[in-house]
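Colleague: Could you take a close look at the aromatic rings in this one and walk me through how they pair up?

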Amino acid sequence: MSTFELSTRERKWRRFYLFVMIMIYGLVIPLALSLFFVGESFPFIPIFVGIALPFMRNNHLKQIRQQV
């Protein structure tokens with residue numbers, strides 16, 4: 001397998017992570033921050049998920065590549 005070929009499993013997970021990252025960074029975090037500035041409590045969970053998501057994605061895709 002060359003470096004540019006992806007397995008179907010990895011391609012499927014990459015598409016899933018792209019969708020999740022767009023939802024988290026495009027909708028959830030801006031909404032949570034806007035609610036914080038309006039007067040709600042600080043959005044700890046969305047911020048932690050936004051920080052951890054790239055690490056989770058990299059580790060998971062690395063495991064899929066090792067299995068192939």
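Modeller: Here's a walk through the ring pairs, then a quick look at the chain around them. Bear in mind this is a predicted model, where local features need pLDDT of at least 70, side-chain atom pairs count only at pLDDT 80 or more, and totals for chains, interfaces and linings use all residues. Numbering runs from 1 along each chain as its sequence is written, and side-chain values use heavy atoms, with hydrogens and water left out.

Searching the whole structure turns up seven aromatic pairs (Phe, Tyr or Trp rings, taking the six-membered ring of Trp, with centres within 6.5 Å). One of them is W13 with F16: the centres sit 5.3 Å apart and the planes meet at 85°, so this pair is edge-to-face (over 60 degrees; under 30 is stacked, the rest tilted). Both residues belong to helix α1, residues 8–38, and are three residues apart, about one turn of the helix; helices here are DSSP runs of H or I, at least four residues. W13 is partly exposed at 28% relative accessible area (buried is under 20%, exposed over 50%, partly exposed in between, with a 1.4 Å probe and protein chains only). F16 is partly exposed too, at 41%.

Then there's F36 with F37, whose ring centres are 5.4 Å apart with planes at 55°, so that pair is tilted. F36 is partly exposed at 30%, whereas F37 counts as exposed at 67%. Those two also join F42, F44 and F48 in a cluster linked by ring pairs.

As for the setting, the chain has two helices and zero strands, and 22% of its 68 residues count as buried.
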